[in-house]
Every structure is written in C-alpha cells, then in structure tokens.
Amino acid sequence: RKLIKIMAAWFNSIMPILGIPSSFLPKPISLPPLSSFRNNNLHEQRLENEDLSKSSSDDEKSVKQDNIWQLFREAQQNILYLNNQRLGAIEELNKTNKEKQFLFHKIRKLEAEKKEGTDKLSTCSELLLRIDSMVLGSVITPAEASDFRSLVLNHKVSVVDVFNLVSHKSDSELLRELRHFSDQSKTRSFHIIHICTEMAPLVHRGSVASYVTGISRALQRKGHLVEVILPKYACLDLDQVQGLREVKGEAYSYFNGQLHGNKIWNGVVYGIGVTLIEPLNYSSFFNREMIYGYPDDFERFSYFCRASLDYIVKCGKQPDVLHLHNWETAIVGPLFWDIFFNKGLGGTRILLTCHDFNSQGIEQPNKLALCGLDPSNLHQHDRLQDNTNTQFVNILKGGVVYSNRVVIMSSIHPKYTIVRNLSHELEPTLNVHRDKLVVAPYGFEKSTWDPTRDYFLPENFNAENMNGKAVCKVALLQQLGLSEHSSSILIILMNTSEKQVVNQPLESLQEELKDDDNIKFVGAYDEALSHLLFAGSDIILCRSFLDPSDETPLKALRYGAAPIAVGMHTHINRVIPFDRNLMNHDQEATKYSKIINNTFGNISLGLAIDEIRSNPSM
C-alpha cells in the first residue's frame with residue numbers, strides 16, 4: 001500500500017508538468033483497506049479450526065498478491081497512456097511549429113516583395129526628379145528630358161535594376177547611363193524558351209537550376225521575353241508557382257510510333273512564365289523520387305524534349321532562341337533541324353549550354369527512333385556517333401553539332417584547357433565546332449541570396465551594418481538546439497545543395513563524432529536553414545574554388561563569411577589544402593571569382609580561425 005501511495009503521488013506530480021488533466025487517467029480499481037482483510041481473518045479464525053484457518057490465510061495472501069499485481073498492471077497502463085499522450089503532444093507541437101515557421105517565411109517574403117515594389121516606385125520617382133533638375137541646370141534640353149521621362153515610365157522594371165543609388169551619382173554620370181539605357185531600349189528584344197530539367201526554386205539538383213532562373217531573370221530585366229519548359233516531376237515545389245493551372249485542350253506528342261496525350265500546366269515563377277509537361281500514358285517517367293540516375297533516362301528526357309517541341313508548334317510560338325542545357329535536352333538540336341525547322345520555326349536558333357562534360361548520354365543508336373529520329377542518318381562520325389565507342393551515339397555530341405552556339409560554363413579554365421583536358425573524349429568534336437564555342441563564367445543570382453532583404457533571416461544586414469549577423473548567429477544556434485555559449489568554435493555540417501549524394505566518409509565522421517556537443521550534423525537539405533547557416537557563420541568550408549558550379553564560396557562572401565577551400569581526404573583526420581597551382585589566372589573571370597581567389601586563395605583554415613579570433617570585423 002505504501003508503494004501504491006508513492007506511485008499515486010508520482011502520477012499527481014508529473015500530470016501538471018505534462019499538461020495532462022487527471023480525467024485522462026483510467027480510474028484505478030477500488031480495493032478494500034488492509035484492516036478489513038485483517039478483521040475478516042480474525043473473525044474466520046474464531047469460527048473455523050486451525051487447518052481451515054491456515055488454508056484461508058493462504059487464500060487471503062493470494063488475493064492480496066493478485067490485487068497488488070493488478071494495481072501494478074493499472075500503473076503500467078497509466079504510464080504507457082501518459083507516454084503516448086506525451087509523444088502525440090510533441091508531434092502536434094512540432095507540426096504546429098513547422099506551420100508557424102512556414103507562415104512566418106511567407107509573411108517575410110510578402111513583406112520583402114512589398115518593400116521591393118515600394119523601392120522601385122521610389123527609384124523611378126527619384127530618377128524623374130533628377131531629370132527635372134538636369135533640365136533646370138541646362139544639362140539636357142527639354143526635348144531630351146521628355147524622351148527620358150517616357151523611357152523611365154515605359155521601362156519601370158528594368159530602370160530600377162539599372163539606375164540604383166541615383167542620389168549618389170553626378171549629373172554627368174547619370175546622363176551617360178540614361179543615354180546608354182536609351183540606346184539599349186531601342187534594340188530588338190528576343191523571345192527565349194528554355195527547355196530544361198531543373199529550375200530553382202521548383203526543383204534543384206545541380207547548377208542548372210540556379211543558372212536557368214538567374215539568367216532568365218537577368219534577360220527579362222533587359223526587356224527580353226523568357227519562358228521555361230520543365231517536366232512535371234512529382235517532387236516539384238508547386239507552392240513556388242503563382243497562378244498554377246491546368247490548361248484545357250489537347251496536347252499530343254509523338255513517342256515510340258504513336259501519339260500520346262499530355263497534361264499541360266502553366267504558372268509564373270519570379271515573373272517568368274513556366275510550362276510543366278505531364279505525360280499521361282508514360283506517367284511513371286517523372287513520378288519518381290530522383291530526377292536523374294535511372295536506366296531509362298534517355299527515354300524519359302527524349303519524350304520530354306519531343307513533347308516540348310510539339311507543344312511549341314501547337315501553340316504557334318515562334319521563339320528566337322531555344323536554350324538547351326546538358327545532354328538531357330541536347331536531343332532537341334537534332335529534333336529541331338530534322339523535324340521541326342519547317343513547322344513555322346524557320347527564324348529560331350539553337351543555343352546549348354554545357355555545365356559540364358561528365359555525363360554525355362551514351363545510348364544505343366536504335367533508341368533515337370523512339371522520338372522520331374532516323375538512327376541510320378544520325379549514327380555517323382560527324383553527327384551523333386560517339387568518338388570512342390563508335391557502336392553508340394553520344395547525345396551531348398549531337399547537341400554540339402546541331403546547335404548554332406555552344407556555351408561552356410567555367411569561371412576557372414579558358415577554352416583551350418576545357419577542349420583539350422576536360423571535354424571527356426569530345427575534343428575532336430569541339431575542335432571542329434570551335435568557332436561556335438563560347439566560355440562564360442558563372443554568374444550569381446543576387447536577388448535570391450541577398451542578406452539585405454533575405455526574408456529567411458530574423459534580421460537583415462549589410463557590409464556597413466553587420467549587427468544583423470550577430471542576431472542570425474544566435475538564431476542559428478537556437479534553431480539547432482545549441483547553447484549560444486556552448487563553444488568558441490562550433491562546427492555545423494550540412495549539405496548546402498538539394499542534390500542528394502551518398503557521402504560515406506561524412507557518414508563515418510558523423511557516427512564517430514555523434515556525442516561531440518560542439519559538432520552538429522544536419523542531414524537533409526533545408527532552404528530556410530541554409531540561408532540562416534550562411535548568415536550565422538563566420539567561416540564556410542568549400543570543397544575547392546575549382547568547381548565552377550559550386551556557388552558556396554559566392555554565397556559565403558555575400559553573407560559576410562570567409563570561404564575557405566579544403567580538400568577532404570577519405571581519412572577523416574587529414575585535411576589537405578587544395579592545389580592552388582592548378583589555378584589559371586590568365587582569363588576572364590567574374591568579379592566574385594576574382595575576389596575569392598585573390599583574397600581567400602592563400603588563407604588556410606588555421607589562419608582563418610586566428611583572424612576570426614583576433615580581428616573578427618575584418
């Protein structure tokens with residue numbers, strides 16, 4: 001009975017802590033007091049002989065034991081019930097927190113968009129007032145001022161991007177920019193359609209996604225019309241699409257000897273028109289967990305490419321440029337010139353961008369017939385025949401041969417180095433088509449990763465006012481469940497891309513250091529946490545500065561963190577600095593690339609940590 005009282009007191013003490021009312025507990029069974037058992041035993045001893053008394057005593061003990069065990073079972077049920085209630089409450093709380101966080105980010109995003117709209121109007125108004133002042137100061141004539149006013153009013157969106165910081169510019173500088181912008185506005189704008197397999201923030205598995213979004217937004221700011229056509233993957237983040245709707249109408253495409261129906265979806269992402277193609281008969285092509293890496297990738301993407309061209313012709317579109325990306329959509333080149341050129345697309349030209357040559361799409365020639373191409377016509381050395389394995393066709397090679405221009409993305413290597421050393425057996429083809437090759441450095445879409453207006457951050461900041469970075473650091477530690485003062489050096493390891501890769505050394509490291517309080521592993525990619533990670537960190541470790549598709553150094557620099565290049569050896573105790581002798585500085589590079597290489601190229605991890613301790617503001 002003493003034990004039961006202790007357990008009852010324990011239940012009463014933990015119920016308020018767990019927030020569970022007493023009504024949730026099943027009512028314990030009622031037992032007679034022990035004194036009643038004792039009185040009954042004395043009464044029975046008077047009435048019965050000694051043998052019967054001994055038997056009755058044994059029965060009484062058995063009843064008592066049964067009652068006590070029943071109480072224990074009731075207690076166990078109560079404990080299990082309480083634990084289930086606790087787990088359910090925690091799960092519900094986590095769900096509520098996630099919904100709250102999602103709504104918070106939505107509100108911040110809407111506030112940022114509203115502020116951006118206000119800033120645009122302010123810039124236009126400020127520019128118009130400066131035009132007035134230049135007329136009064138006889139810097140320009142009234143007629144020229146009238147033309148400039150019309151220019152500003154007719155190009156509000158692009159004007160804001162060109163004429164920032166109007167108040168800091170002299171009249172002569174501003175006039176020069178106005179005249180240059182006026183000349184540009186008179187040039188012909190282009191209609192560009194990207195046929196691609198990725199686009200941020202809808203689906204992001206590599207460098208193509210951010211590149212497509214960034215260049216599309218930049219071209220639209222310059223007055224060009226840009227559209228994007230994507231497969232409708234099951235993993236698309238459709239919350240990022242404004243006004244998503246299914247288009248009513250027939251949309252058939254040819255594949256494997258017959259026509260097949262497709263659902264067409266339209267919407268807008270960052271002001272860019274986006275079309276999603278969803279196969280009906282081949283619905284399994286894009287209803288998968290991964291984007292790439294399946295044995296039937298050629299069938300999947302050749303279906304999509306043919307469906308994209310059939311859709312463009314069906315809609316009567318006549319784009320100036322079809323922009324293709326990597327081998328997955330390179331088959332559009334042969335399809336365009338062999339089948340679609342004479343279907344109202346005579347004024348269209350093909351641009352292929354190669355983000356790397358690691359994957360080229362090596363396939364059996366007879367598979368070309370699936371999308372309507374003639375294998376015997378294309379399986380030739382000057383067309384799609386692979387340069388090494390001549391019994392196969394090379395889809396990326398076909399894209400190079402059948403494109404009017406080929407852009408190779410590299411912020412590091414010049415054209416000759418790429419062709420000779422990095423083209424993976426495509427050197428003969430690239431040499432033949434050398435005149436159409438252009439090497440372009442990777443750019444950076446600053447509007448998505450901008451600490452001055454990033455709605456994922458609890459407080460924004462810039463280079464002049466870094467107070468917000470300290471706030472972000474505290475928020476980062478809190479979100480990861482770490483103490484603000486847990487360590488002078490805290491290590492956070494997170495995959496900074498949505499591309500999921502198996503990293504056995506990292507998994508081994510995580511297992512070995514799982515009990516270290518100063519190291520935090522974040523398994524899955526999280527967009528909001530990724531922004532907070534860059535904003536709250538002092539040092540960001542990069543695999544190297546040689547990977548042109550890796551935007552990690554650029555993001556680090558933009559968010560006030562030092563990008564430090566290290567090569568991770570498979571043995572976790574060895575950290576090897578990257579080989580800076582591989583750098584080739586005799587070439588054009590972006591401003592960010594130059595800053596990163598010149599400023600951080602010679603800084604080791606140890607030196608960076610010393611600088612953080614001794615001179616953190618610098």
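**View 1. Strand β4 has a covered face formed by S253 and F255 and an uncovered one formed by Y252 and Y254.** In a regular strand, side chains alternate between the two faces of the sheet. The structure is a predicted model in which local features need pLDDT of at least 70 and side-chain atom pairs count only at pLDDT 80 or more, whereas totals for chains, interfaces and linings use all residues. Residues are numbered from 1 along each chain as its sequence is written, and side-chain values use heavy atoms, with hydrogens and water left out. Strands (E, at least two residues) and helices (H or I, at least four residues) are DSSP runs, numbered from the N terminus.

View 2. The hairpin has 2 residues between its strands, and N256 takes a positive phi near 55°.

**View 3. The second largest cavity has a volume of about 50 Å³.** The search of the whole structure finds 2 cavities of 30 Å³ or more; a cavity is a set of points, on a 1 Å grid over the protein atoms alone, where a 1.4 Å probe fits but cannot get out, and its lining residues have an atom within 4 Å of a point. Grid points are joined across faces, edges and corners, and the volume is the space filled by probe spheres set on the points. The lining of the second largest cavity includes S253, N262, I264, D310 and K314. β4 (252-255), β5 (258-269) and α8 (297-314) each supply at least two lining residues, with α8 giving the most, 4 residues. By class, the lining has 6 nonpolar, 2 polar and 2 charged residues, counting Ala, Val, Leu, Ile, Met, Phe, Trp, Tyr, Cys and Pro as nonpolar, Asp, Glu, Lys and Arg as charged, and the others, Gly among them, as polar.

**View 4. Helix α7 (residues 207-221) is mostly covered, with 11 of its 15 residues buried.** Buried means under 20% relative accessible area, with a 1.4 Å probe and protein chains only; among the buried residues of α7 are Y211, R217 and L219. From its first C-alpha to its last, α7 reaches 21 Å, close to the 21 Å expected, a span taken as 1.5 Å times one less than the number of residues. G223, which follows α7, has a positive phi near 100°.

Terms used. On a 1 Å grid over the protein atoms alone, a cavity is a set of points where a 1.4 Å probe fits but cannot get out, and a pocket is an open set with protein on both sides within 12 Å along at least five of seven lines; lining residues have an atom within 4 Å of a point. Buried means under 20% relative accessible area, exposed over 50%, partly exposed in between (1.4 Å probe, protein chains only). Two strands pair if DSSP finds at least two bridges between them.
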